Amino acid sequence: MKEKAKTILFWFILIQPFLDLYWFYHGTLANILPFTLPTIIRIFAVASLVCLYFSSQNSWQKLSQEKWLLIYIILLVIYSALHLMHVQHFTSMSPNNYGYSPSGEIFYLIRMILPLTVLYLTDELDFGSRQLQMVIEGISGLFSGTIVLSNLFVISLKSYETGTISANIFEWFFNPNIGYSHMASKGFFNFTNMISAVLFMLLPLMLYYLFTSFNWHTILLNVVQALAMIEIGTKVAAIGLIGGIIIGLILFGLHKYLIKDVKKGGKAFLVAVLIEAGSLVILPFGPAIQRYNYEIYLAKQSDHDLADEKKELAAGLQKYPNGKKRKEFLRYFIKKNYQEYALNPKFVFKSYPYQYDPEFWLKIMNEPGQSRMENRQIEKAMLNQVVKTNNNKLDKLFGISYIRENNIFNLERDFTAQIYSLGWLGMLLYVGPYLAVLIYGAYRWLRYKAARTYLVSSLIVASGFILLAAFSSGNVVDFLTASFILAFIEGNLLVQVRKKETIAISN
């Protein structure tokens, strides 16, 4: 049964790119069932894996001996019950309580436990190095190949906004007026930030296979992934590509010349340097740099002369210093002038509507232009205002609920986002294990000489990369495609650092 479970898990992780196709989350396919089809498939798949694995009596016996895991499960159950009880009662400005739904929150908690289950099963099922390579190269090829080919034929979905791109990578060099939103390509996938983070995570592993299995196949996959990370047009992908290759080269040097567990790699080193050089040549023409320049332009525009607007605002506040008239004036003024203050209309009209709390938006409008342009700062400000209105000290421990946070705006900074939605306790229990495995892997690497293999180092760096991306850009650990792949990689990290021969040799 374990072999069947291993086979199913192998293919389940490999098909994650297909489960992130855009059409599963938009249009007819998204509305066929109460929950998206990929989520339902994932729930049934993980449930099947659990049933297969625990159909063996040995599996139950082993679980009963792992006291730390049993304690964790008990804490998770107790926390989840207290969290659901806590978030039911909430004071808010919103008439619909920010769309809170008990069933939606329960479903979210179930979703969050699925990748952690896969992490445990991956560790227990003991995948071989060859199987790991097939999965990593397969996922990279599916994501990157789709992005590159769809960009080439100008049929890719835009990374920003909706619709398809207007130009492929060759046109970037001849038409400087295309605009980043018409250039950036995400293939046919749904979540741009998530794909960027996954490719960033896969990069050190793809370089590992380039150095250890050097052939035309690994060269092609690395080149295609580099192109995809440029074409997707995010800061995480662009900076991650340049910095990731440098770190990959340093890692190779460490293992070749200091640890000395790598014998060859000269040709692969040259290929990696050429990929880095080519990326540096292409990036200035790409969407990431275009977007960065556009943001600088907008920041300057947001600081244009607001003398007339400020004069109108001051006169109105002087005329209506308090009461109902003041609110009516502020609502009128915000609706009329939000664009002049460079405020994101999604924030003003949908996330935290100005009608319910105009005083909050008055405070934001009095901020410097650079602050008003910083989306993450505004996102945090809105969430802080919601927490302040609820005025419940237990929000720090149990959160305000994922459903509420997501309906306001999904903060683009993982870990911090989960502190708002789940509280400190929930963040540590649901997201903390990923960081704990990374720290444990690093500890084993330092503690045991035999654990200091090139593969272990690459797995540690890969896990660190995606967690760094999650913190810097958000929208990673809450999304199952990324969290399942991360869980599989960290499960294999545990397998590699806890091999019996590692302990035997080191002791």
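This is a predicted model: local features need pLDDT of at least 70, side-chain atom pairs count only at pLDDT 80 or more; totals for chains, interfaces and linings use all residues.
Biologist: Why are α5 and α6 called roughly antiparallel?

Modeller: Helix α5 spans residues 67-88 and helix α6 spans residues 102-125. They pack at an angle of about 165 degrees. Angles over 145 degrees count as roughly antiparallel. The pair is therefore roughly antiparallel.

Biologist: How far apart are their axes?

Modeller: The axes of α5 and α6 lie 11 Å apart. Their crossing is right-handed.

Biologist: How do you know which residues of α5 and α6 meet?

Modeller: Contact means heavy atoms within 4.5 Å. From α5, the residues are Leu69, Tyr72, Leu76, Ser80, His83 and Leu84. From α6, they are Glu105, Ile106, Leu109, Ile113, Leu116 and Tyr120. By class, this contact has 9 nonpolar, 2 polar and 1 charged residues.

Biologist: What is the volume of the second largest pocket?

Modeller: The volume is about 930 Å³. The pocket is lined by 31 residues. Closest to its centre are Leu69, Tyr72, Ile73, Leu116 and Tyr120.

Biologist: Which elements give two or more residues to that lining?

Modeller: They are α4 (57-65), α5, α6 and α22 (432-447). The largest share, 11 residues, comes from α6.

Biologist: How does the lining of the second largest pocket divide by class?

Modeller: The lining has 24 nonpolar, 2 polar and 5 charged residues.

Methods: Residues are numbered from 1 along each chain as its sequence is written. Side-chain values use heavy atoms; hydrogens and water are left out. Axes are lines fitted to C-alpha atoms, for helices over the stretch in contact, and angles run from 0 to 180 degrees between N-to-C directions. Helices (H or I, at least four residues) and strands (E, at least two) are DSSP runs, numbered from the N terminus. Angles under 35 degrees count as roughly parallel, over 145 as roughly antiparallel, 65 to 115 as roughly perpendicular and the rest as oblique. A crossing is left-handed if the near helix is turned anticlockwise from the far one by less than a right angle, and right-handed if clockwise. Ala, Val, Leu, Ile, Met, Phe, Trp, Tyr, Cys and Pro count as nonpolar, Asp, Glu, Lys and Arg as charged, and the others, Gly among them, as polar. On a 1 Å grid over the protein atoms alone, a cavity is a set of points where a 1.4 Å probe fits but cannot get out, and a pocket is an open set with protein on both sides within 12 Å along at least five of seven lines; lining residues have an atom within 4 Å of a point. Grid points are joined across faces, edges and corners, and a volume is the space filled by probe spheres set on the points.
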